[in-house]
Amino acid sequence: MQTWTLHDIAQLVGATVQGAPDYQITGLATLKSAQAGQLSFLANALYRAALTQTQAGAVLLRAEDAATYQGQALIVANPYAAYAQLTHYFDRTPKGVSGIHPQAVVSALAQVDPNASIAACAVINAEAVIGAGTIVEAGAVIGVRVQIGKNCRIRANAVIHHDCVLGDRVTVHSGAIIGDDGFGFAPHQGRWHKIAQIGRVVLHDDSDIGANTTIDRGALDDTIIGVGAIIDNQVQIAHNVEIGAHTAIAACCGISGSSKIGAHCVLAGGVGLVGHIEICDHVHITGMTMITKSINKAGSYSSGTAFDSTENWKKMAVRLKKLDEMAKRLRELEGIVQQLTLSK
Amino acid sequence: MQTWTLHDIAQLVGATVQGAPDYQITGLATLKSAQAGQLSFLANALYRAALTQTQAGAVLLRAEDAATYQGQALIVANPYAAYAQLTHYFDRTPKGVSGIHPQAVVSALAQVDPNASIAACAVINAEAVIGAGTIVEAGAVIGVRVQIGKNCRIRANAVIHHDCVLGDRVTVHSGAIIGDDGFGFAPHQGRWHKIAQIGRVVLHDDSDIGANTTIDRGALDDTIIGVGAIIDNQVQIAHNVEIGAHTAIAACCGISGSSKIGAHCVLAGGVGLVGHIEICDHVHITGMTMITKSINKAGSYSSGTAFDSTENWKKMAVRLKKLDEMAKRLRELEGIVQQLTLSK
Amino acid sequence: MQTWTLHDIAQLVGATVQGAPDYQITGLATLKSAQAGQLSFLANALYRAALTQTQAGAVLLRAEDAATYQGQALIVANPYAAYAQLTHYFDRTPKGVSGIHPQAVVSALAQVDPNASIAACAVINAEAVIGAGTIVEAGAVIGVRVQIGKNCRIRANAVIHHDCVLGDRVTVHSGAIIGDDGFGFAPHQGRWHKIAQIGRVVLHDDSDIGANTTIDRGALDDTIIGVGAIIDNQVQIAHNVEIGAHTAIAACCGISGSSKIGAHCVLAGGVGLVGHIEICDHVHITGMTMITKSINKAGSYSSGTAFDSTENWKKMAVRLKKLDEMAKRLRELEGIVQQLTLSK
């Protein structure tokens, strides 16, 4: 295992050392679980109590926190950003070896850059193009004519279907299915007739697609994921959806067909959108909210009810079914009381 | 790329040509994105404005819309059905090559029709039967004794577990898992004891199972998907569920164990059903609704609350917890007012 | 097919035979679908009517039910537990053959026990350790340095990413992704900067992970699934979540980052938890509930609204947006009525 000194790390993140510059750091850990030799960080005031208890060998701190801390520290303006940067030095995710594994299956008609890495049981179909530095992990399947840029990572058992396009530095996590058919069927005499889905999926530069997420190909036009958009696990993105740049979509969201989400939006987990609506930039949607209409004003939106004991909840749920009646009774009562007041 | 003339296409869909019969069509596109050489369609009156702006080489139109349209048109009774039919001529999904790829793994005890297509890294286990015209894409796994009919398509990295049965023309999209174990455990002294799931999954003719959808095998009897049922991505269908013919289930729905859904139903996205209930034919359920009891009357059903700004929503949610109290206060007030009215 | 006599089965489950001890049983079935030669069971009084109609060759019954039943029976104290035990004798899930399939891909640096079974197109990466009796099915991918104990089953096309740890008798169902990256990004100047996820996933003994479920690796510390916890299909478990021993999580739940769920809890389908909360032991959460705060008292919890016809639901939803106003009007009216009462 590689180690760094406090001095080395201070150089990497532009920190000032409080303590012994040649102290050896072997790993990163939270304040609570860190041991001697490990580096931790304090980014959130809520954890200040943990700082007094930590066994960490050193802690990334703001100057004001370091002043009252007896242990070793690396003093930086933004400990969280420094931690984020340092995680990459301690990451043990395999890097991928350039070249094609002897048990990968690569079509003679595919173009794989010599600096790409294709793992065992990965399948690269005809006319696919794989850029330099891109890693295709074990069991991933790349369809015909797919174009993948540079320094992408297609993780184990992900699938990219035919003709889809990925920019540079795109990550598609394990089990994600990119470019399978949209749910397009024409009803006719009580049966569903399949409409071939002839658009593509385009994943722009730096987008990140979570494990077991599904992004369907467009019916005619493409389904589009914007630059730097980050999409968590088990998200469903239907045909012809467009997701704006730098938007974040948490796990288990479902975006129905042809809806457009702007840039810099944040959808918490389990959010649903109906189809054919537009969400403007900088919208935040709280968890498990269902959005049924377009939103043209930045801000935060919610639906649902607060949780309660099942006993209380049942009473509420029964009353709720009578809410329309209650509203009418209230109005009626207001009328009667007004008459009583007037007639006094 | 193959091209068709307007005359050719008119023959395919029974249309009348308005314009040059030998005009070459190279693809299909929406009114908004179509260019010269592309064919578009107007099916929804909402898009009539787009018709005046379109750059399409020709448009599939009803006679009444064609009368006022200056450009080239193919006049048909049902432009949407004509478009649906034509998509298949422009579909670039690979057709599959008959035979077994040298890097597929097919048990000597499996029966694969010579006109079936088995791709690289697909695994066909012992005693599986694969019918003529069926395509098993890369990385798909077919369990022992699985029976798959004719002209099915098992897409990349899908899994069909042992003993399951597929009819003809069934599609199982990528990452779908058919016939893994139902969630059956018997609680005993604070522990869960697994109940082996010895039923199967039966997917009847023309059913279509979405990407990363899971359909569990039955505990004893089978889990059954009816003829022509269409199921979108990331749907969970638990053990012993039965889905009726021609029912459509949109993405992210979850159907709990032993529930039965009738024929010609439509479940919008994110709907949940508890177990052991029955939904009759021709029921429509709106998005993210939770169904907790059987439904024996056709119609549309919903639950949840309308979305609002988070600020307004919070006020509502707080009030909602007091709804039972509000109802009691309203009743009390009605009593007092009645006394006041009587005592006047 | 192996068969058992009623006598054999009585020995297995400690039952008393009512009928012919040498009667041959060929399979298990529900009361409704059982035929001659099949064994059924009555565990739930709701199905007592089905007992009078059953064609089963014999039925597992409590003594009090057997007394009034004319057919053959196996009399036991707990028919459901006896049925659960017997399912394993009739289970046709392939057992796995010890050894490495010639078309599996196993790193020379991996340690695979001679009594483990590695199927075709499974990929075992360097330094992975696979224990005795463990089955790795077709297309499953095991990352570098992964440790898997004894008698585990990694089903077709599941993925275990690098450094994760599985105890003994752990099942990971098809398409499940264990140890892909948590959704960790630091926002900086309108962009998301990836934080490497350097923790692991630890699945303790006897845990069972459903098909297409995703369990993300920890950011720094590990994500932990407790002993005997059972997790259904399509569940999302984010980084640094901890699930207590013997807790059951039904399909489609989403557990946000760093939340902790106690032991012996039951989450019904579609439940969502926000991040950084704690749920104590013995909590039950009903289907599609969203939990937004810690729960420190055992019991049952719910959110949402009861379903209704869409027509009634729309009226309710509109009224609900005015609930805050209604509450204010009610209070005002109470004040007026109090004045009227006093002034009488």
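This is a chat about a predicted model and how its chains are built and touch each other.

Visitor: Before we dig in, how are things numbered and lettered here?
Guide: Residues are numbered from 1 along each chain as its sequence is written, while chains are lettered from A and ligands numbered from 1 in the order in which they are written. Since the model is predicted, local features need pLDDT of at least 70 and side-chain atom pairs count only at pLDDT 80 or more, but totals for chains, interfaces and linings use all residues.

Visitor: What's the mean pLDDT of chain A?
Guide: The mean is 96, and 100% of the residues of chain A reach 70 or more. pLDDT is the predictor's confidence in each residue, from 0 to 100.

Visitor: And what are the ipTM and pTM?
Guide: The model has ipTM 0.96 and pTM 0.97.

Visitor: Which domains is chain A divided into?
Guide: Domain 1 covers 4–87, domain 2 covers 158–301 and domain 3 covers 310–342. Those bounds come from an automatic or database domain assignment. Taken over C-alpha atoms, the centres of domain 2 and domain 3 of chain A are 42 Å apart.

Visitor: OK, chains A and B. How many residues are in contact?
Guide: 61 residues of chain A meet 63 residues of chain B. Being in contact means that the C-beta atoms of two residues, placed from the backbone, lie within 7 Å.

Visitor: Which element gives the most on the chain A side?
Guide: That's α6(A), with seven residues. Among the others that each supply at least two residues are β39 (299–302) and α5 (310–321) of chain A. A quick note on the names: helices (H or I, at least four residues) and strands (E, at least two) are DSSP runs, numbered from the N terminus.

Visitor: What classes of residue are on that side of chain A?
Guide: There are 29 nonpolar, 23 polar and nine charged residues on the side of chain A that touches chain B. Here Ala, Val, Leu, Ile, Met, Phe, Trp, Tyr, Cys and Pro count as nonpolar, Asp, Glu, Lys and Arg as charged, and the others, Gly among them, as polar.

Visitor: Which strand of chain B does β39(A) pair with?
Guide: β39(A) pairs with β40 (residues 308–309) of chain B, in the antiparallel sense, over two bridges. Pairing means DSSP finds at least two bridges between two strands. One bridge puts A:Tyr301 with B:Ser309.

Visitor: Now helices. At what angle do α5(A) and α6(B) pack?
Guide: About 55°, with the axes 8 Å apart. That makes the two helices, α5(A) and α6(B), oblique. The axes are lines fitted to C-alpha atoms, for helices over the stretch in contact, and angles run from 0 to 180 degrees between N-to-C directions. Angles under 35 degrees count as roughly parallel, over 145 as roughly antiparallel, 65 to 115 as roughly perpendicular and the rest as oblique.

Visitor: Which residues make that contact?
Guide: From α5(A) you get A:Lys315, A:Met316, A:Arg319 and A:Leu320, and from α6(B) you get B:Leu323, B:Asp324 and B:Ala327. By class, the contact of α5(A) with α6(B) has four nonpolar, no polar and three charged residues.

Visitor: What about chains B and C, how many residues there?
Guide: Chain B puts in 61 residues and chain C puts in 63. On the chain B side, the largest share comes from α6(B), with seven residues. The axes of α5 (residues 310–321) of chain B and α6 (residues 323–342) of chain C come within 8 Å and cross at roughly 55°. There's strand pairing too: β39(B) and β40 (residues 308–309) of chain C run antiparallel over two bridges, and B:Ser302 has C:Asp308 as its bridge partner.

Visitor: Switching to sheets: what's the order of the five strands in the open sheet of chain B?
Guide: The order is β2-β7-β6-β5-β4, with mixed pairing. The edge strands are β2 (16–18) and β4 (27–28) of chain B, each pairing on one side only. Three bridges join β2(B) to β7 (residues 73–75) of chain B, and these strands run antiparallel. Within that pair, B:Thr16 stands opposite B:Ile75.

Visitor: And which strands stand at the edges of the nine-strand sheet?
Guide: The nine-strand open sheet of chain B has parallel pairing. Its edges are β10 (111–112) and β36 (278–279) of chain B; each has a single partner strand, so one side of each is left without a neighbour in the sheet. Elsewhere in chain B, β24 (residues 201–203) and β27 (residues 223–225) pair in the parallel sense over three bridges, with B:Val202 opposite B:Ile224.
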